[in-house]
Amino acid sequence: MERVNLSRRKRPLSSEVCERIVDDFIASDKVKPGLLLPSEKELTAKYDVSRVTLRAAIKSLHDRGLVSVRNGVGATVLPRPPASSKIVHHLERLASLDKAASEAGKLLKTEDLKWGESIVTPEISTKLRLPVGDPVYFVQRSKILDEARIAWTIDWLPTTIIDFDLIRSEFKGSLLDALLQHSELELNYADLEIVPQILNSEIAEHLGTPIGGPVLYLDTVVYGAAGQPDIWGQVWVLPEHVRFFIRRHMQF
């Protein structure tokens, strides 16, 4: 089996191995649902990693609902959700809407992009545990799919988390994706709440759609390894364009 060189930078190595297995074997249909991935020995040789790293990558595949694992047998590729004209966002993993669109072969464009600094309000204070009145960074934008506005997003982050000019230079549509490239931040998990809402005039204007229609509000707080909140994300998504999906499975 051909050996693959990994970057070994920015992200945990197991996460990179996980994504390479998805690209090389699952998304490409090289290993079809119901069949086994190559053996542990073959995969450690291909990606030049330890068994510990590979097993962490396989666990991530299992947690994402992409494979089932049986001791002494290996990892079997599971069937994927039925094809849909919508973007399918798998909520069990820490990933952006842009990432979900890319994996579905769709391209999300970013418009109305605005970066700035504001003041911590009581609501922001509750989410990010920052003192009211302190400075806080924000980035807001519209997400466009096939010329239609499908989401309006505002992200808030402490001014101490990272150099603002650096993250602006690395931004390619998703603040989360840009920050995940910085392993020193140790972004670890997120709490997500989805709330159905009725479009008010402000959000309807950003989405270019009439007032009073349905919208899904995603309230996400992303935490670092020490349990500190590092990002508060607010996303209003038009449900006719995005389908949220969770695969429930036995504990690995």
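Biologist: What should I know about the model before I start?

Modeller: It's predicted, so local features need pLDDT of at least 70 and side-chain atom pairs count only at pLDDT 80 or more, while totals for chains, interfaces and linings use all residues. Residues are numbered from 1 along each chain as its sequence is written, and side-chain values use heavy atoms, with hydrogens and water left out.

Biologist: How many salt bridges are there?

Modeller: The general idea first: side chains of opposite charge can pair when their charged atoms come close. The rule here asks for a side-chain nitrogen of Lys or Arg within 4 Å of a carboxyl oxygen of Asp or Glu. That gives 11 salt bridges.

Biologist: Which residue does Lys 59 pair with?

Modeller: Asp 63, at 3.0 Å from N to O. Both sit in helix H3, four residues apart, about one turn of the helix. Helices (H or I, at least four residues) and strands (E, at least two) are DSSP runs, numbered from the N terminus.

Biologist: What does Arg 51 form a salt bridge with?

Modeller: Glu 40, with the closest N and O atoms 3.3 Å apart. This pair links distant parts of the chain, since Arg 51 is in helix H3 and Glu 40 in helix H2, 11 residues apart. Glu 40 is partly exposed, at 27%.

Biologist: Which residues lie nearest the centre of the second largest pocket?

Modeller: Glu 40 again, along with Ile 58, Val 69, Gly 74 and Ala 75, out of 17 lining residues. On a 1 Å grid over the protein atoms alone, a pocket is an open set of points where a 1.4 Å probe fits, with protein on both sides within 12 Å along at least five of seven lines; lining residues have an atom within 4 Å of a point.

Biologist: How much space lies in that pocket, and which element gives the largest share of its lining?

Modeller: About 330 Å³, where volume is the space filled by probe spheres set on the points, joined across faces, edges and corners. H3 gives the largest share, three residues.

Notes. Buried < 20%, exposed > 50% of the residue type's maximum accessible area, 1.4 Å probe, protein only.
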